[in-house]
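Biologist: Could you take me through one part of this model closely, namely the sheet and the helices beside it? I would like one connected account.

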Amino acid sequence: MAIQNPKILVCCMNGAGSSLMLKMTVQKVLDKLGIQAEKVYHCALAEGEAAAEDYDVVLCAENFIPSFKKAEEKGVQVIGLQNVMSVQEIEQKLKEHEIA
């Protein structure tokens with residue numbers, strides 16, 4: 001069962017370049033799949049760790065997954081990516097986690 005109107009958080013180390021690009025790529029995938037997200041927000045890892053529990057889904061580079069252990073324990077789906085710019089990988093992972 002797909003999450004309706006998911007709140008999605010995307011994080012990178014500093015919250016500037018790569019998280020903004022990841023946000024735009026995620027939005028492109030959501031548009032392609034016809035998914036209306038309630039919110040897609042990008043930020044730095046430190047802010048993301050504090051805010052993650054307020055989201056349905058967190059997308060980040062695979063090496064940051066351990067930073068979101070508390071959120072994951074509370075039901076947040078944490079999705080690690082090998083290539084944060086890959087439309088195909090993001091689409092595949094969203095489908096695997098039943099976001100799409």
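Modeller: Happy to! Let me start with a definition: axes here are lines fitted to C-alpha atoms, for helices over the stretch in contact, and angles run from 0 to 180 degrees between N-to-C directions. Please keep in mind that this is a predicted model.

Now to the sheet. Four strands form an open sheet in the order β2-β1-β3-β4, and their pairing is parallel. Its edges are β2 (39-44) and β4 (77-81), each of which pairs on one side only. On average, neighbouring strands are turned by 20 degrees against each other, with direction ignored. Helix α1, residues 17-33, packs on this sheet and touches β1, β2, β3 and β4. The direction of α1 makes about 145 degrees with that of β1.

Inside the sheet, β1 (residues 7-12) and β3 (residues 57-61) pair in the parallel sense over 3 bridges. Ile8 has Val57 of β3 as its bridge partner.

Helix α1 also meets helix α4 (residues 87-96): their axes come within 10 Å and cross at roughly 60 degrees. Angles from 65 to 115 degrees would count as roughly perpendicular and those under 35 as roughly parallel, so α1 is oblique to α4. The crossing of α1 and α4 is right-handed. From α1, the contact draws on Leu22, Thr25, Val26, Lys28, Val29, Leu30, Lys32 and Leu33; α4 contributes Val87, Ile90, Glu91, Leu94 and Lys95.

As for aromatic pairs, the structure holds 0.

Technical notes. Residues are numbered from 1 along each chain as its sequence is written. This is a predicted model: local features need pLDDT of at least 70, side-chain atom pairs count only at pLDDT 80 or more; totals for chains, interfaces and linings use all residues. Side-chain values use heavy atoms; hydrogens and water are left out. Rings of Phe, Tyr and Trp (its six-membered ring) pair if their centres lie within 6.5 Å; planes under 30 degrees apart count as stacked, over 60 as edge-to-face and the rest as tilted. Two strands pair if DSSP finds at least two bridges between them. Helices (H or I, at least four residues) and strands (E, at least two) are DSSP runs, numbered from the N terminus. Contact means heavy atoms within 4.5 Å. Angles under 35 degrees count as roughly parallel, over 145 as roughly antiparallel, 65 to 115 as roughly perpendicular and the rest as oblique. A crossing is left-handed if the near helix is turned anticlockwise from the far one by less than a right angle, and right-handed if clockwise.
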